[in-house]
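I opened my notebook to record what I looked up here, entry by entry.

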Amino acid sequence: MSKKAVKTVTDEDISYFEKKYSSYNDKSDDKKKVKNAKGTALRFFSLLKPYRVSVSIVCLASIASTLANVVSPDYLGNIINNVQASIEAFANNGTPIEFGSLTDRSSILYQIVSLGLVYFILGFMTFVQQFVGAGVTQKLVFNLRQQVNTKLSNLPLRYFDKNTKGEIISKVVNDIENVSQNLQNSFLTILTGAIQVVGALIMMLRTGNILMTLAAVFLVPFSGTIAFKLAKISKKWFSKFWSSMGAMNGHVEEMYTGHTLVKLFNHEKQSVDEFKVINDNLRKNSFSANMIAGILNPILTLFKNINYVSVCIIGGCFYMGRWFNTGVLIQNTMKIGDIEKFLSFSSLFSQPITSISQMINGIQSALASAERVFELLDEEEQSADNTENEPEGLSNGNVEFRNVSFRYKEDTPLIEDFNLSASPGHIVAIVGPTGAGKTTIVNLLMRFYDIQSGQILLDGTDIMTMSRNALRENFGMVLQDTWLFKGTIKENIKYGVDDVSDEEIIAAAKSANIHDYIMSQPNGYDMELTEDGANISQGQRQLITIARALLKNPKVLILDEATSSVDTKTELLIQEAMAELMKGRTSFVIAHRLSTIKNADNIIVMRRGSIVEQGTHHELIEKDGFYANLYNSQFTGGIPEDIE
Amino acid sequence: MIKRLAKCVREYKKDAILTPVFVIGEVVMEVIIPLLMASLIDNGINAGSMDFVLKMGVILLVCAIISMFFGGIAGRTCAVASAGFAKNLRHDMFYNIQNYAFSNIDKFSTASLVTRLTTDVNNVQQSFMMIIRMAVRSPMMFFFSFIFAFGINAKLASIFLCVVPFLLLGMFLIIRKAHPLFKRVFKTYDKLNSIVEENVRGIRVVKSFNRQNFEINKFQDISGSIYNDFVKAEKTIAFNAPLMQMSVYICTILISWFGAKLVVNSGGTELSTGELMSLFTYTAQLLNSLMFVSMIFVMMTMSKASAERIVEVLDEKSDIAEKENAETLVKDGSIIFDNVDFSYSKNADKLCLDNINISISSGETIGIIGGTGSSKSTLVQLIPRLYDVKNGCVKVGGKDVREYSIEALRNEVAMVLQKNVLFSGTIKDNLRWGKEDATDEEIIKACSLACADEFIEKFPDKYDTYIEQGGANVSGGQKQRLCIARALLKKPKILILDDSTSAVDTATDAKIRKAFREEIPETTKIIIAQRISSVLDADRIIVLDDGKISAVGNHNYLLETSCIYKEVYESQMKGGDDNG
């Protein structure tokens, strides 16, 4: 376990891993780059417009509290001056000094009461700023989230197919969070910081003592620069840290996904060795990043202390009226309290400069997040609904493809001049190897994607001339990739329809062969499903989606027959339920069963994304093309993927 | 839990202990500085002694440098200790996970293990840094500031004693009110995440059911409740800073009032001007340190959940243990299942495998068929001891699998899985999983046996072709053939193919089986298949039905005696003319 036991990590080793698993690094430098910082910041501020009043209150309160903070040392210093004067007076004439009255501006009492007042303003304004500010930020985040979420439902499917799930979710959750956390803070820090720096400087210069002012601030530019530099170096290490973290993530994920394999091949040792290399590198980067962050404060404190000492010494000179021990006389302008004032001003002056320089990383990443969120908000939405032929009620279920052409990418033709018609009771089978693009037909029918030329007609009406909602009312969909959400079984079944009685739900469940199972569960229809219905089996999930489709009572059905990882009995139940579902409807079936294919009125054969053949079983067999080849290589044992 | 985690500090114990020591040094210096400042003002400036001022100035500078030195070293040791601690945590977790049996792995999902190793460890590392640095610093600061203030003037210092309880009470009330709110917010965040995820994943379903508005409302509800809780929590927290400031200010005002009185009335003998000034500094230090304590408290409760999740992984014991002095030599490829019962969960009502008895001799080719859920995969997984049997025993080479060292057993049993996994890396890298030091000839040989050479040769980079994560750039059938080649490189005594040629076309499938028969006759081959043609020519075929052996025999025998087999055969070979 000693440090030496770990084999030395060379840069080559680690950069290999980092490159290999770079996709796992969601905090990479690329993600932190802001393309248009100014535009993004301006746009962010424009979001604040609806909260003008609150924002103004927050700003005014911050300004007021900062001003109070800047003037307070003056009063404290005056108190000390008065105290000091009293001592001297006492020593000279033996008269104890009165605290004076409130009307006497130079009395101790007046100064203490004023200080109390200034402090009260300071405290109260800080409270106002935080209290009102909390509401504004949260409201802003709430609205931004709402906007993003609404936007998501208006985006074309293309967007979801193009971006990974993780990226989209990260925008809705993490980026918005990052924006809210950092931007508000940074903005206020910069605003109050600027006031504080200028205010402290003015207060110091007001005394007219340039030398003292210099003594109080001369190291601040250095500490500012150092803080800025160290923040930069530490950022570099942190980004290295995140890239090794990405490598770790990738490595670990691969090892666990392949856990069986690791075990079967006795590969534990090698995987541990790789892990060690990455882990130790992670430790090194984490150490460097944290150390730099850790030594920054002591260094800044040293600078602050040096400034303090110089204020004391120079102040001492002024107090005593001579320039060190040289005997050179200078004007005696400083009292003890004035020195105290300069000490406070010195720290008021330096504090914002260092805190702002440390904040730059945060601002950058928040701006980058804001930019990503804005990019999402600017994504082109799906075309507006055309409702010139808005149907009343449901169609009869006659579907026709007329000279349809479609491609996902402009330069890759997929479907060219495709014709097909189907009416209620008809079955259109879609066959082809896995990954052949069978969902394309679904995408077009449901208008998840728009075709480039030709027409798709529903009861003779071009689907482009009706609203998407009206079109989709006609469709029911049961996919192999079942989609259930957290909620009761009942809620999941009645997902498609609003007002529906319990009897109807039960009837649908019965037709879908799932009623008995539901009743055998402790809470029956009120049984809570966990996320994605993970607490029931795949087969039961499928039956529930069938019940859901039955309840919706669609005119056209899109069905995926695949029933993998389902036991024989459930498979039979599913087949029965599907047959029930297809009765009297126009069905598009992603077919896996011979009987379906043979009974189909039309078979669409897909391969590598495009439709390659079309016809009935007999026609296609006679044609002796790709379908015949597929068929002869046996359907039932799973469709071979790489038949050439 | 803390004890369990503390064990992982190990070689970084020295740094972990030194950090607070240095921090104490830093704190002492920071507390001494105001005292020296007071002396500089009283005995130097006030007394008009420039020599004293300069002397004190130098001492102050030295103290400031020592303070920085201590602080810097503490920063360093803290970074060493916390980074090392985190490394050890990850290391221990990873090691332990490597030893998990499958039943253990099934308990955690991959995603959750990854989060535990990354995010959770980061959280705990942050807390650890806080503890060894701030958790010492703040109480020390409080303690020393108070002692020094007390030393200057006990009566004035007692002002702190009056104010601190109010401040503590206030902070306590604020935390008590805000903490549950924050906790609830974090929980609701999880819900928000899962809703967004549900929606993104099920976007087609949502759209096809025209439920966009429904989903938007659902999102709005959750997002709204986060908003409400957050605003409430933050509005509570908004009292924190003013409370703190008010305490400092009240102390300052009271000290200036009574202090001024004291200085004036005693003519500077009981309390000097410089001392009065240092009392102001102590006020700020003292109360600020209390603030930090409350922050540390909040931070630690937040990382508690992470710590618990880590300990869960560390404490999980592997269900499959290796025997001491285990046998390391597997004699041959014979396999015996002797009254084997098995179920995945200990208290399942139904057995997955029910009284399995079969004896397979070395070199035999065995086919296994049966419907989905008939426990075909389960049966073969017992051979390399991925799971332990419930009753009975599985013997390989004449000995119970539990007698062997796991490494030795798995070296001799190669299994190609239904779910094929290739890793990112070149084809060669992937194949060498089977044998680390395999020569190019061996690799080419194995690939030709698995009929993988034909397509590999077509790639521009041949055996150095880079396979992307999850094997995304090769087809299903190619993947399967690569996996078979990888298993063959092990030169195992037993080779198990779990439905591993499903994506390979029939002709190639037949070619692979022919190669097996001719090139590795001594190896016992077990082939699970959906396609009956894949097992037709096996020496014996086992028909599994619902966890029981329904029939065993060669093709012709089964065709006559087993109706299940006959049914499957007919539906596949004759194409199921009417009923499929």
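Which helices are included in what covers the buried residues of H8(B)? I noted first that this is a predicted model. The cover includes helix H5 (108-154) of chain A. From chain B, it includes helix H6 (154-201) and helix H7 (203-208).

Entry on the buried residues. I listed those of H8(B): B:Glu215, B:Phe219, B:Ser223, B:Ile226, B:Tyr227, B:Asp229, B:Phe230, B:Ala233, B:Glu234 and B:Thr236.

Entry on helix length. I checked the span of helix H8 (residues 212-237) of chain B, which has 26 residues. At 1.5 Å a residue the helix should span 38 Å, and its end C-alpha atoms are 37 Å apart, so the two values agree.

Entry on the contact between the chains. I looked up how many residues each chain puts in. Chain B gives 124 residues and chain A gives 120 residues. On the side of chain B that touches chain A, helix H3 (residues 50-98) of chain B gives the most, with 27 residues. I then sorted that side of chain B by residue type: 58 are nonpolar, 48 are polar and 18 are charged.

Entry on domains, chain A. The domain assignment gives domain 1 as 32-207 + 359-382. Domain 2 of chain A is given as 395-474 + 558-563 + 591-634. I looked up the distance between the C-alpha centres of domain 1 of chain A and domain 2 of chain A, and they lie 59 Å apart.

Entry on domains, chain B. Here the assignment gives domain 1 (1-152 + 303-318), domain 2 (154-270) and domain 3 (362-573). Between the C-alpha centres of domain 2 of chain B and domain 3 of chain B I noted 61 Å.

Entry on backbone angles, chain A. I found a positive phi of about 50° at A:Asn403, which is not a glycine. A:Asn403 is in strand E3 (residues 399-406) of chain A. Is A:Asn403 buried or exposed? A:Asn403 has 12 other C-beta atoms within 10 Å, so I put it down as exposed.

Entry on backbone angles, chain B. B:Asn355 also went on my list, as a residue other than glycine with a positive phi, near 50°. B:Asn355 has its place in strand E2 (residues 353-360) of chain B. I counted B:Asn355 as partly exposed because it has 14 C-beta neighbours inside 10 Å.

How values were computed
Residues are numbered from 1 along each chain as its sequence is written. Chains are lettered from A and ligands numbered from 1 in the order in which they are written. This is a predicted model: local features need pLDDT of at least 70, side-chain atom pairs count only at pLDDT 80 or more; totals for chains, interfaces and linings use all residues. Domain bounds come from an automatic or database domain assignment. Two residues are in contact if their C-beta atoms, placed from the backbone, lie within 7 Å. Helices (H or I, at least four residues) and strands (E, at least two) are DSSP runs, numbered from the N terminus. Ala, Val, Leu, Ile, Met, Phe, Trp, Tyr, Cys and Pro count as nonpolar, Asp, Glu, Lys and Arg as charged, and the others, Gly among them, as polar. The expected span of a helix is 1.5 Å times one less than its number of residues. A residue is buried if 20 or more other C-beta atoms lie within 10 Å of its own, exposed if 12 or fewer, and partly exposed in between; C-beta atoms are placed from the backbone.
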